[in-house]
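Hi there,

Here is the structure I promised to pass on. Please have a look at it first, and then read my notes below.

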Amino acid sequence: MNFREASVSDIPQLSKVRLAVKENALSNPALVTEQDYVDYLSKRGKGWVCELDNHVVGFAIGDLEKHNVWALFVQPDFEGQGIGRELLIMLLDWYYSQTTDTIWLSTAPNTRAADFYKSFGWKETGKMPNGELKFELSADDWGV
């Protein structure tokens, strides 16, 4: 497996991974556009991919404008292999090299993703208007 910085040329594969997930699936795929990916990768933040045989099997994107994890997704066939963990570490190391602002994310309740973030040290801080749980991780929690 190869981990590297994501580029706009990866967007078709990122979208494919995003649409394949079983948890936190998009209710309307049209809500996340190609331009959204371009903005998050080139203006608002940065992303990373994990690829195997030149195919993206997971990706993460951090957003410096809203101080959140915009995306962290792994192809279902590759879950449980440490890909999400490695991508999240890369994202957080980069994020906290840019700012000390607390980072947040949201995910559906009662999911493997929610359990993953809790085990990683994220603190549940409330609910989003859409019912998702909100988690935060401070610079101190990350050891910065």
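Which residues does Thr99 touch, not counting residues up to four places away in sequence? They are Leu64 and His67, where contact means heavy atoms within 4.5 Å.

Some background before the rest: this is a predicted model, in which local features need pLDDT of at least 70 and side-chain atom pairs count only at pLDDT 80 or more, while totals for chains, interfaces and linings use all residues. Residues are numbered from 1 along each chain as its sequence is written, and side-chain values use heavy atoms, with hydrogens and water left out.

Back to Thr99. This residue sits in the loop between helix 3 (83–98) and strand 5 (103–107); helices (H or I, at least four residues) and strands (E, at least two) are DSSP runs, numbered from the N terminus. Thr99 counts as buried because its relative accessibility is 16%; buried means under 20% relative accessible area, exposed over 50%, and partly exposed in between (1.4 Å probe, protein chains only). The Thr99 side chain also reaches the backbone nitrogen of Asp101 at 3.1 Å.

Next, the nonpolar cores, meaning sets of buried Ala, Val, Leu, Ile, Met, Phe, Trp, Tyr and Cys residues joined through side-chain atoms within 4.5 Å. The largest one has 26 residues, and Val69, Leu88 and Trp122 are among those with the most contacts inside it. Helix 3 gives the largest share of this core, eight residues. Val69 touches several residues beyond four places away in sequence, including Ile61, Leu88, Ile103 and Trp122. There is also a second, separate core of 14 residues, which includes Ile11, Leu14, Val21 and Val56.

Finally, the structure holds 10 salt bridges, each a side-chain nitrogen of Lys or Arg within 4 Å of a carboxyl oxygen of Asp or Glu. One of them joins the side chains of Arg44 and Asp63 (2.8 Å, N to O). Arg44 lies in helix 2 (residues 34–44) and Asp63 in strand 3, so this pair ties together parts that are 19 residues apart in sequence. Both Arg44 and Asp63 are buried.

Lys123 forms a salt bridge with Asp141, with the closest N and O atoms 3.2 Å apart. Here Lys123 is partly exposed at 45% relative accessible area, and Asp141 is partly exposed at 37% relative accessibility. Elsewhere, Arg4, Asp10 and Glu51 are linked in a network of salt bridges.

Key. A polar contact is a pair of N or O atoms within 3.5 Å; within protein, one must be able to donate a hydrogen and the other to accept it, and residues adjacent in sequence count only if both atoms are side-chain atoms.
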